[in-house]
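This briefing goes through one structure by topic. Please look at the sequence and the model before reading on.

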Amino acid sequence: MTTGERASTSTSPDNPDFHLCARHTHVHARARSGVRGSIVVMTSYDWNAQTYAENVGFVPELGRTVLDLLDPQGHELVLDLGCGDGVLTAELASRAGRVHGIDASPDMVAAAQDRGLDAQVVHGAKIAEAITEGRLVAGSFDAVFTNAALHWIPAAQDVIAGVHQLLKPGGRFVGEFGGHGNVASLSIALHAARRLHGVEPAAHPWFFPTAAEYEELLRAGGFDVRLIEIHHRPTPLPTGAAGWIETFGDPFLGDLDADTAQAVAATAVELLEVSMRDSHGNWTADYVRLRFAAMRV
Ligand code: BEZ
């Protein structure tokens with residue numbers, strides 16, 4: 001997907017606030033302003049580095065504090081699991097000896113490589129496979145860092161097993177991702193909007209465990225858990241709920257035809273206005289993060 005695709009839009013007859021791209025495959029909703037802006041339905045689904053930065057650039061930005069928790073040392077080899085477009089990986093690289101990024105999205109890996117970072121396409125639940133194929137080396141990393149990636153991978157045990165394989169004994173696994181109750185309003189609004197438009201419920205797409213649940217998984221996977229905590233972090237959305245849905249809403253919209261998808265997205269935004277938009281037109285999402293630091297036994 002390129003930004004050029006945004007130019008090809010037409011106004012939906014049912015809702016003048018909504019625009020439909022010519023070659024629809026999946027749906028993205030885009031706020032043109034923070035306040036009830038026009039929404040553009042994009043033509044294909046893959047995370048685009050530019051819209052990601054515009055809509056949810058806070059994701060890597062707010063992950064900086066997790067880097068402090070990792071406290072990378074100048075001699076260390078660190079893996080960034082779910083490196084995204086490399087914004088935070090670059091910061092990590094300036095503090096560690098060497099950094100290697102992995103991400104499931106080719107577009108994101110390309111963006112990370114464009115920043116001069118060492119990165120490759122590997123799904124977080126398929127690290128063991130990448131080791132077998134010789135694309136990653138078992139027992140070679142001093143630390144594995146991850147920010148805002150693990151909630152996309154319900155196969156948490158596979159991730160933990162892969163990370164365990166990659167780390168040297170005593171190596172650190174440090175990160176942050178969505179915790180129990182994360183983006184509850186956005187999820188409920190998208191579920192409700194589907195129902196209101198008469199479509200089947202979507203399976204809940206994300207893995208948002210409690211601290212107790214994730215601690216149990218880490219311990220069972222051979223880690224000594226040094227810190228694990230949930231924190232509530234109300235998060236301003238620069239392009240509103242529409243922009244957030246553009247980037248992250250595909251699990252609720254991607255199976256729908258273009259008209260239904262844009263109608264569902266519009267209804268979700270309308271429902272969310274009540275609780276997420278203030279009188280100045282600023283949107284704030286109900287983020288909950290789970291932060292952890294564990295050591296490979
Ligand atoms: C995030 O990366 O911040 C995120 C993605 C999907 C759902 C919730 C949060």
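Arginine 115 touches Gly86 and Ala90, leaving aside residues up to four places away in sequence; two residues are in contact if their C-beta atoms, placed from the backbone, lie within 7 Å. This is a predicted model, in which local features need pLDDT of at least 70, side-chain atom pairs count only at pLDDT 80 or more, and totals for chains, interfaces and linings use all residues. Residues are numbered from 1 along each chain as its sequence is written.

**Arginine 115**

- Arginine 115 sits in the loop between α5 and β6; helices (H or I, at least four residues) and strands (E, at least two) are DSSP runs, numbered from the N terminus.
- Arginine 115 is partly exposed because 15 other C-beta atoms lie within 10 Å; a residue is buried if 20 or more other C-beta atoms lie within 10 Å of its own, exposed if 12 or fewer, and partly exposed in between, with C-beta atoms placed from the backbone.

**Overall content and confidence**

- The protein has 12 helices and 10 strands.
- Of its 297 residues, 46% are buried.
- Among contacts with a separation of 6 or more, 70% are between residues 24 or more positions apart.
- The average pLDDT of the protein is 86, and 85% of the residues score at least 70; pLDDT is the predictor's confidence in each residue, from 0 to 100.
- Over residues 1–45 pLDDT stays under 50, and the model has 104 contacts beyond four places in sequence for this stretch.
- Where pLDDT is low, the predicted coordinates should not be read in detail.

**The sheet**

- An open sheet of seven strands has the order β6-β5-β4-β7-β8-β10-β9, with mixed pairing; two strands pair if DSSP finds at least two bridges between them.
- Its edge strands, β6 (119–121) and β9 (223–237), each pair on one side only.
- On average, neighbouring strands of this sheet are turned by 15 degrees against each other, direction ignored; axes are lines fitted to C-alpha atoms, for helices over the stretch in contact, and angles run from 0 to 180 degrees between N-to-C directions.
- In a regular strand the side chains alternate between the two faces of the sheet.

- Strand β5 (residues 98–103) runs parallel to β6 and is joined to it by three bridges.
- In this pair, aspartate 103 is opposite valine 121 of β6.
- Helix α5 (residues 106–114) lies across both β5 and β6, at about 170 degrees to β6.
- Five bridges link β4 and β5 in the parallel sense, and valine 78 faces valine 99 in β5.
- Four of the five residues of strand β4 (residues 77–81) are buried, so this strand is mostly covered.

**Antiparallel pairs**

- Strand β8 (residues 167–178) and strand β10 (residues 283–296) run antiparallel and share seven bridges.
- Phenylalanine 177 is opposite leucine 290 in β10.
- β9 and β10 are also antiparallel, joined by 14 bridges.
- The bridge partner of arginine 233 in β10 is tyrosine 287.

**Ligand surroundings**

- Around the ligand are Val59, Ala148, His151, Gly178, Asn182, Val183, Trp206 and Phe248; a residue is near a molecule if its C-beta atom, placed from the backbone, lies within 6 Å of it.
- This shell has five nonpolar, three polar and no charged residues; Ala, Val, Leu, Ile, Met, Phe, Trp, Tyr, Cys and Pro count as nonpolar, Asp, Glu, Lys and Arg as charged, and the others, Gly among them, as polar.
- Alanine 148 lies in the loop between β7 (141–147) and α7.
- Although not a glycine, alanine 148 has a positive phi of about 55 degrees.
- Alanine 148 is buried because 21 other C-beta atoms lie within 10 Å.
- Valine 183, in the loop between β8 and α8 (184–196), has a positive phi of about 40 degrees and is not a glycine.
- Valine 183 counts as buried because it has 20 C-beta neighbours inside 10 Å.

**Aspartate 158**

- Aspartate 158 belongs to helix α7 (residues 156–166).
- Its C-alpha atom is separated by 5.1 Å from that of alanine 125, 33 residues apart along the chain.
- Aspartate 158 is partly exposed, since 18 other C-beta atoms lie within 10 Å.
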